[in-house]
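Take a walk through the model shown here. Start with the backbone, then turn to the side chains.

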Amino acid sequence: MDPLRLEQYLEAVLRQVEIDEAVVAGALRNATAAAHWLVGQGYGTADRPVAVIASGERWPDGSLRPAMEDLLGAGAIVAALHERLSDTLSPEAAVAAASFQATSDVSAAVAASSSGRELIGGGFVEDVVVATELDACTAVPVLIEGAFTVTQ
């Protein structure tokens with residue numbers, strides 16, 4: 001998912017709920033770094049569980065379209081968390097992780113998906129390439145006082 005689109009989505013969610021825990025922006029590009037940061041901050045335990053949300057995107061009519069790149073990104077983060085913590089996963093988290101682990105060519109899968117075809121058709125081939133670079137980035141955006149701040 002485009003980082004700006006993700007940020008706008010998270011801001012909308014935060015306007016609706018009060019969150020006392022960290023909000024971290026993760027994707028395929030920083031999945032391992034996000035999992036490492038979460039574990040390093042003590043998340044992923046019974047006392048500090050992690051909720052991973054594959055955000056999708058909102059269509060102009062207001063409906064929500066799930067996006068394969070978001071499911072695979074969530075799965076990559078869950079798989080990295082599970083590798084470090086070995087805790088039992090919820091059925092939803094297990095499916096996301098299994099989807100990621102079973103996808104041998106993430107870039108080709110995303111390019112063939114509806115959002116990938118839409119981007120490629122619109123001349124944004126490079127966006128698909130960049131978005132699917134697994135662990136290409138160690139930056140972990142964390143929401144602090146209403147704005148994302150990059151941590152390492």
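Helices and strands here are DSSP runs, numbered from the N terminus; a helix needs at least four residues and a strand at least two. The model is predicted.

Begin with the loop between helix 7 (125-131) and strand 3 (140-144), where Asp135 is found. Asp135 is not a glycine, yet its phi is positive, about 55°. Most residues other than glycine have a negative phi. Asp135 counts as partly exposed because its relative accessibility is 35%.

Move on to the loop between strand 3 and strand 4 (147-151). Glu145 is found there. Glu145 also has a positive phi, about 50°, although it is not a glycine. Its relative accessible area is 82%, so Glu145 is exposed; the cut-off for that class is over 50%.

Next, the surface. Ile120, Val125 and Val129 form a nonpolar patch there, and together they have about 200 Å² of accessible area. Ile120 lies in helix 6, residues 114-121. With a relative accessible area of 34%, Ile120 is partly exposed.

Now the rings. How many aromatic pairs does the structure hold? It holds 1. The partners are Trp37 and Tyr43, with ring centres 6.4 Å apart and planes at 20°. The pair is stacked because planes under 30 degrees apart count as such. Trp37 is buried, at 14% relative accessible area. Tyr43 is buried too, at 8%. Tyr43 has a further contact: the charged end of Arg48 sits over its ring, 3.9 Å from the ring centre.

Methods. Residues numbered from 1 in each chain as written. Predicted model: local features only at pLDDT ≥ 70, side-chain atom pairs only at ≥ 80, totals over all residues. Heavy atoms only, no water. Buried < 20%, exposed > 50% of the residue type's maximum accessible area, 1.4 Å probe, protein only. Patch = residues over 30% accessible without salt bridge, like charges linked within 9 Å, V, L, I, M, F, W, Y side chains within 5 Å. Areas by Shrake-Rupley, 256 points an atom, 1.4 Å probe, with all protein chains shown as cover. Salt bridge = Lys/Arg side-chain N within 4 Å of Asp/Glu carboxyl O. Phe/Tyr/Trp six-rings, centres within 6.5 Å; stacked < 30°, edge-to-face > 60°. Lys NZ or Arg CZ within 6 Å of the ring centre and 35° of its normal.
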